[in-house]
Structure formats: C-alpha cells, structure tokens
Amino acid sequence: MSNQTTVTEFLLLSFSQARELQILHFVVFLGIFLAALMGNLLIITTVAMDHHLHTPMYFFLMNLSMVDLGSISVTVPKSMANSLLNTRAISYSGCIAQAFLFVFFAAVDLCFLTIMAYDRYVAICKPLHYASLMNRRACMEMAASAWISGIFCSALHTGNTFVLTFCGGNMVDQFFCEIPQLLKLACSDSYLNEVGVIAFFACLTISCFVLIIVSYVQIFTMVLSIPSERGRHKAISTCLPHLIVVSLFVCTATFAYVKPPSSCLSGLDLVVGVLYSVVPPIMNPIIYSMRNKDIKGALRKLTQ
C-alpha cells in the first residue's frame with residue numbers, strides 16, 4: 001500500500017518533445033475544441049428555443065450534444081494546457097476526476113446512441129405506434145436511465161481502478177487518464193477485479209452495438225421497400241453516416257479497453273485514443289444536425 005500512497009501525480013503522454021510541435025498540437029486541439037463547443041452549443045440552444053423541435057428525436061439529440069460537450073471538455077483542455085506549458089503532469093486527484101468523468105460521458109454517449117437508433121427504428125418501421133412508444137414519459141425515463149447508468153459504470157470502473165496499488169511508476173501512455181493505461185501501472189496481482197469489470201462492460205458495449213446494428217438493418221430493409229428512389233436515397237444518406245460514427249466510436253473504444261496490455265509505448269494507442277475521445281464530439285453535430293433541414297431552418301430563424 002505504501003507504493004500507492006507515494007504516487008501523488010501521473011505523467012501523461014506528450015504528443016512530441018519538440019517545442020514547435022507542442023505548439024502545433026495546442027493550436028490543432030484548440031481548433032477542434034472550439035468547433036465542438038460551438039457545434040454542440042448551437043444544437044442545445046436551437047432545440048431548447050424552437051418549440052417545433054420539441055420531439056423525441058431532438059430531445060435525445062440535445063442530450064447527446066450535452067454529453068459530447070462534457071466529454072471533449074474532460075480530455076482536450078488538459079492536454080492543450082500541458083502542451084502550452086511544456087509539462088506532462090496531472091495530480092492524483094485530477095487523474096481520478098478525469099477518469100471518472102470520461103468513463104461517465106462515454107457510457108452515457110453509448111446509451112443515447114442506442115436510444116436514438118431505437119427511436120429511428122420505431123419512427124420508420126412502426127410509425128403507427130410511435131406516439132405511444134415514444135411518449136413524453138418514456139423519453140424522460142430513457143434519458144434518466146442513460147445518465148444514471150453512466151454514473152454507475154463510471155463509479156464502478158474508477159473505484160476499482162484507484163483502489164489498486166500502483167507499482168509500475170506513474171507514466172501513463174495516453175494523453176489523458178485512460179483506465180487501461182492506468183492498469184498497466186498496477187501490481188500484477190491486484191488488477192484482476194477491474195479486468196473482470198472491463199470484460200463485463202465490454203460485453204454490454206458490444207450488446208448495445210448489436211442492438212444499434214439490428215435497428216439499422218431493420219431500417220434499411222424498410223427503406224429499400226420505399227418505391228421512391230429519392231426517398232430511399234434520403235433515408236440511406238441520413239442513416240449511413242450515423243452508423244459510421246457509431247461504429248468508429250464503439251470499435252475504437254472496445255479495442256482500447258479489451259486489447260492485451262503492452263509494456264512498450266504504441267503510437268496506435270494514441271491514435272485510437274484520439275479517435276474515440278476527440279473525433280465523435282466534433283463529428284456528431286455535423287452528422288446528426290448540420291445535414292438536417294429542421295435544424296438548419298431553426299438556426300436561420302435564430303440568426304434572423
């Protein structure tokens with residue numbers, strides 16, 4: 001236990017040791033962060049202020065934007081600050097907070113992506129039952145369940161991780177406090193419980209992904225029966241980008257959490273970390289909203 005108490009801070013992975021590249025990393029991440037901030041805030045504001053968008057689909061979309069806003073705010077600003085100040089340090093308590101919030105937002109994100117796929121399935125495949133299945137109470141219960149599930153998942157993961165004894169140093173091979181990388185620092189005989197928890201939630205994640213895939217398969221099957229070629233093209237062009245973003249998020253996150261730990265630093269770990277922690281919060285506003293006529297119309301009303 002003494003080894004654990006001596007760890008007062010962790011050293012996060014730097015994108016580069018060269019000062020010029022550190023500044024470049026800061027500028028690139030700043031642009032990404034501001035774009036995600038603006039895109040998600042626009043969606044939240046637009047949906048909240050336009051009563052025509054007070055429907056289940058846009059209610060869930062607003063929640064997803066809140067999640068994306070929180071998710072990117074957990075990892076990117078700290079990485080930017082470290083590059084700007086030429087440091088790698090994060091305090092022990094700061095690492096706990098970052099790990100907790102990141103897992104929390106990732107779990108809630110997956111829940112809302114699953115709920116949104118179900119919402120689209122009901123809307124397209126069971127339109128006559130949509131009003132009864134997706135009523136106000138059902139939507140509120142699904143949203144509340146998503147947020148509560150995130151707290152449960154995060155508390156379990158973070159609690160199991162930070163009760164461990166860290167005897168492998170304090171250098172985290174990722175630009176944020178990622179739990180699989182923290183487990184590499186734990187004593188070999190003390191992290192088996194958390195490995196079991198990760199395996200359990202990996203199964204749940206894959207189950208959610210399967211539900212999303214099944215929903216979209218049903219949607220595509222229904223869409224292909226539409227006689228209008230224009231209608232088919234519109235539905236497919238709407239659903240396919242959603243599926244691509246979901247697949248990117250789930251596949252990269254699952255890979256990061258279930259792949260066997262390696263003692264050597266891998267550039268692949270860094271790329272995968274960026275793909276599932278930074279890319280979705282900036283892509284979701286584009287995929288789910290900026291190609292949506294209702295959102296664009298509401299935005300025009302707000303700016304007039």
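Both Cys95 and Cys177 are buried, where buried means under 20% relative accessible area, exposed over 50% and partly exposed in between, with a 1.4 Å probe and protein chains only. This is a predicted model, so local features need pLDDT of at least 70 and side-chain atom pairs count only at pLDDT 80 or more, while totals for chains, interfaces and linings use all residues. Residues are numbered from 1 along each chain as its sequence is written, and side-chain values use heavy atoms, with hydrogens and water left out.

Now, what joins Cys95 to Cys177? A disulfide does, with S to S at 2.0 Å; the term is a pair of cysteine sulfur atoms within 2.5 Å. Cys95 lies in helix H4 (residues 92-125) and Cys177 in the loop between helix H6 (136-162) and helix H7 (179-183), so the pair ties together parts that are 82 residues apart in sequence. Helices here are DSSP runs of H or I, at least four residues, and strands are runs of E, at least two, numbered from the N terminus. The link of Cys95 and Cys177 is left-handed, with -125 degrees about the S-S bond. A search of the whole structure finds one disulfide.

Two other cysteines. Cys125 is buried, at a relative accessible area of 17%, and Cys139 is buried too, at 5%.

Last, the pocket. By class, the lining of the second largest pocket has 17 nonpolar, four polar and no charged residues. Nonpolar covers Ala, Val, Leu, Ile, Met, Phe, Trp, Tyr, Cys and Pro; charged covers Asp, Glu, Lys and Arg; the others, Gly among them, are polar.
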